[in-house]
Amino acid sequence: MELPIHKIEQKQDRAILVGLQTDERSLYDVEESLWELEHLTRTAQVEVVQIETQHRPTPHPAYFIGSGKAKEIAKFAKQRDANIIIFDDNLTPSQDRNLSKVTKRRIIDRSQLILDIFAQHAQTRQSKLQVELAQLQYNLSRLKGQWTHLSRIEGGIGLRGPGEKQLEIDRRRINDRIAHLKSKLEEIERSNETERKSRKDIFSVSLVGYTNAGKSTILNRITSSNQYTANQLFATLETTTRAKTLSTNDRIIISDTIGFIRKIPPYLIASFHATLQEVIEADLLLHIIDISHPKLYEYIDTVFHTLKDIGAENKKMIMVFNKIDRLPRNKFLFIKKQLRLDYPDSLFVSAKTCENINDIEIAVIDVLSRSKKEVIVNIPNNDQKFISYIFDNSEILNKRYNNEFVRMKIRIPLIFYKKQIKNFLRYQIRSKKFK
Ligand SMILES: Nc1nc2c(ncn2[C@@H]2O[C@H](COP(=O)(O)OP(=O)(O)OP(=O)(O)O)[C@@H](O)[C@H]2O)c(=O)[nH]1
Ligand SMILES: [Mg+2]
């Protein structure tokens with residue numbers, strides 16, 4: 001049975017946003033994060049009618065905010081005719097329940113809001129399945145929480161009430177559906193994998209970055225294509241790949257994919273693992289950053305952390321600071337000087353005005369020409385064609401002959417390696433075996 005993907009009903013929804021300032025977070029941080037939440041809320045097509053913040057040393061275990069503040073928000077919701085309260089942080093299931101009891105409104109936390117946007121933006125079968133998987137995993141994590149909570153109150157095993165039985169059934173149904181979705185996604189992934197394999201001989205570049213940094217706009221600029229762009233968060237959910245011939249005549253592929261965001265639980269990212277496969281396998285990452293954003297350093301950190309989560313942290317990366325047109329010249333020069341200290345080889349471009357946009361291609365060509373691979377190959381003597389290819393295109397570090405094979409340790413430009421990837425995969429020896 002299909003479980004419906006939950007979407008926030010459009011237009012008529014009116015929300016109050018709530019942020020909490022704790023001892024560990026400054027008011028500035030909270031306000032900035034709420035600004036992002038407001039953008040997310042608008043992207044989900046929900047009207048923001050009020051924004052509330054509270055200061056507490058730590059979150060309240062039962063209400064997240066104080067219970068008095070919760071009552072105050074209930075009053076505001078009535079006055080402003082708001083039907084949803086959106087929290088800028090992720091709530092525990094019991095906080096969620098207690099808050100909806102006090103406010104008599106639907107409570108949504110940051111992850112749920114992001115998932116609603118994903119649900120609205122999913123276009124392909126793969127991303128629809130991924131969104132459903134992420135939503136069920138979200139629900140499951142909450143059911144589990146609820147379970148512990150209730151079993152503690154009710155005295156645990158043997159004292160389960162009807163509500164808990166329902167939870168148990170839901171949990172089983174959800175687990176079944178999760179298993180089903182995972183196997184469907186694996187099927188799609190297998191066919192994508194075949195497609196990717198057919199392109200393994202081409203140098204691949206992936207655009208990564210915080211959501212709304214301008215990744216899709218840059219893809220359009222450098223490949224003259226027409227990928228959807230919008231001043232929205234998560235405008236792109238699926239991966240698009242385009243081919244490009246560089247001025248050196250080398251062909252590369254460039255892919256654009258889902259953006260990253262702060263405070264998103266790792267299992268939600270994991271649901272998009274298949275979409276991010278292109279990033280995981282890329283030869284080069286272009287990390288796009290909105291230079292005009294006051295929180296750019298935090299955004300850069302988020303992207304680095306997310307890349308680590310998906311196992312792509314050690315890839316060659318070029319930092320591309322975009323939207324330079326949005327800064328006054330003096331401010332731009334000042335920020336650029338600072339950024340160059342931290343990221344010496346970074347680029348500064350505007351996808352809007354096209355200023356410096358050609359620098360991206362120049363930098364890619366530079367990486368391409370400098371990328372080399374060290375491999376050990378064991379080639380049958382009768383494959384003279386491939387042996388000549390190696391002699392013509394690589395630096396031979398050592399070689400040994402016998403009657404049947406020539407065994408060589410070579411350093412070869414990546415582009416020449418890729419052009420003959422099939423032969424390399426056939427003849428390559430892992431260095432461990434060689435020892
Ligand atoms: N001023 C200015 N705006 C830009 C620039 N590049 C992109 N934008 C705008 O920034 C917004 C986001 O651009 P996208 O290309 O959709 O960003 P993205 O990184 O693909 O975002 P997601 O797919 O949502 O993660 C759009 O409104 C673009 O028009 C730029 O260089 N200058
Ligand atoms: Mg995009």
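This note goes through the predicted model point by point, from the whole chain down to single residues.

1. Conventions come before the details. Residues are numbered from 1 along each chain as its sequence is written, while chains are lettered from A and ligands numbered from 1 in the order in which they are written. Since the model is predicted, local features need pLDDT of at least 70 and side-chain atom pairs count only at pLDDT 80 or more, whereas totals for chains, interfaces and linings use all residues.

2. Confidence, or pLDDT, is given by the predictor for each residue from 0 to 100; it averages 86 over the chain, and 90% of the residues score at least 70. Residues 145-165 stay under 50, and the model has 13 contacts for them beyond four places in sequence, a contact being two residues whose C-beta atoms, placed from the backbone, lie within 7 Å.

3. The chain holds 16 helices and 14 strands, which are DSSP runs numbered from the N terminus (helices are H or I with at least four residues, strands are E with at least two). Of its 435 residues, 33% are buried, where buried means that 20 or more other C-beta atoms lie within 10 Å of a residue's own, exposed means 12 or fewer, and partly exposed lies in between, with C-beta atoms placed from the backbone. Among contacts with a separation of 6 or more, 70% join residues 24 or more positions apart.

4. Around ligand 1 there are 24 residues, of which the closest are Gly214, Ser216, Thr236, Gly259 and Lys352; a residue counts as near a molecule if its C-beta atom, placed from the backbone, lies within 6 Å of it. Helix H7 (residues 215-223) gives the most to this shell, with three residues. The shell has six nonpolar, 13 polar and five charged residues, on a scheme where Ala, Val, Leu, Ile, Met, Phe, Trp, Tyr, Cys and Pro are nonpolar, Asp, Glu, Lys and Arg are charged, and the others, Gly among them, are polar.

5. An open sheet is formed by four strands in the order S12-S13-S11-S14, with antiparallel pairing. Strands S12 (395-401) and S14 (428-429) stand at the edges with a single partner strand each, so one side of each has no neighbour in the sheet. Two strands pair if DSSP finds at least two bridges between them, and nine bridges join S11 (residues 372-380) to S13 (residues 405-413), with Val375 opposite Ile410 in S13.

6. Strands S6 (residues 240-245) and S7 (residues 251-256) pair in the antiparallel sense over six bridges, and Thr241 stands opposite Ser255 in S7. The two strands form a hairpin with five residues between them, and Asn249 in the turn has a positive phi of about 80 degrees.

7. Most residues other than glycine have a negative phi. Phe234, however, has a positive phi of about 60 degrees, and lies in the loop between H7 and S6; because it has 21 C-beta neighbours inside 10 Å, Phe234 counts as buried. Lys263 has a positive phi of about 50 degrees in the loop between S7 and helix H8 (266-271), and with 15 C-beta neighbours inside 10 Å, Lys263 counts as partly exposed.

8. Ala74 has its place in helix H2 (residues 67-80) and, with 18 C-beta neighbours inside 10 Å, counts as partly exposed. Not counting residues up to four places away in sequence, Ala74 touches Val102, Thr103 and Lys104.
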